[in-house]
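Colleague: Take me through this model. I want each label set against its cut-off.

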Amino acid sequence: RGMAAEEMITRFGETPVMLIHGDRDLVVRSYHTDRIERAAREAGVEPRVLRLNGADHVNVFDDRFGTPASIAAFIEAAQARPAAPGPKTNAEPDPAE
């Protein structure tokens, strides 16, 4: 069984999250974005939420909404943050052992 987005986002930890939704999207209703945003905040994740007036499911990435610039700024800011420790893999020895 798949995992609901609200549950999945709680596992992101310090990973930067951006949610983008157009108010004319008839494919994915805005309440889904609201639920994901609420779950993220409850899990301590502070998402960047971009709600676009006049955008639908397909044209949400059009230049007229400024989406590409917003995404680029989000990525640039995320890359400038200090790296959070990632999950330990089997290939990494545990110094405490």
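Modeller: The protein chain exposes about 7100 Å², and carbon and sulfur atoms supply 53% of it. Areas come from the Shrake-Rupley method with a 1.4 Å probe; for residues, only the protein chains shown count as cover. This is a predicted model: local features need pLDDT of at least 70, side-chain atom pairs count only at pLDDT 80 or more, and totals for chains, interfaces and linings use all residues. Residues are numbered from 1 along each chain as its sequence is written, and side-chain values use heavy atoms, with hydrogens and water left out.

Colleague: Why is F12 called partly exposed?

Modeller: Buried means under 20% relative accessible area, exposed over 50%, partly exposed in between (1.4 Å probe, protein chains only). F12 has 31% relative accessibility, so F12 counts as partly exposed. Of the 97 residues of the protein chain, 24% count as buried.

Colleague: What makes the largest nonpolar core?

Modeller: A nonpolar core is a set of buried Ala, Val, Leu, Ile, Met, Phe, Trp, Tyr and Cys residues joined through side-chain atoms within 4.5 Å. The largest has 8 residues: I9, V17, L19, I36, A39, A40, V45 and V49. Helix α2 (residues 30-42) gives the most to this core, with 3 residues. Helices here are DSSP runs (H or I, at least four residues), as are strands (E, at least two), numbered from the N terminus. Apart from that core lies another of 6 residues, among them L50, L52, A55 and V60.

Colleague: Which residues does A40 contact, leaving aside its neighbours within four places in sequence?

Modeller: I9, V45 and P47. Contact means heavy atoms within 4.5 Å.
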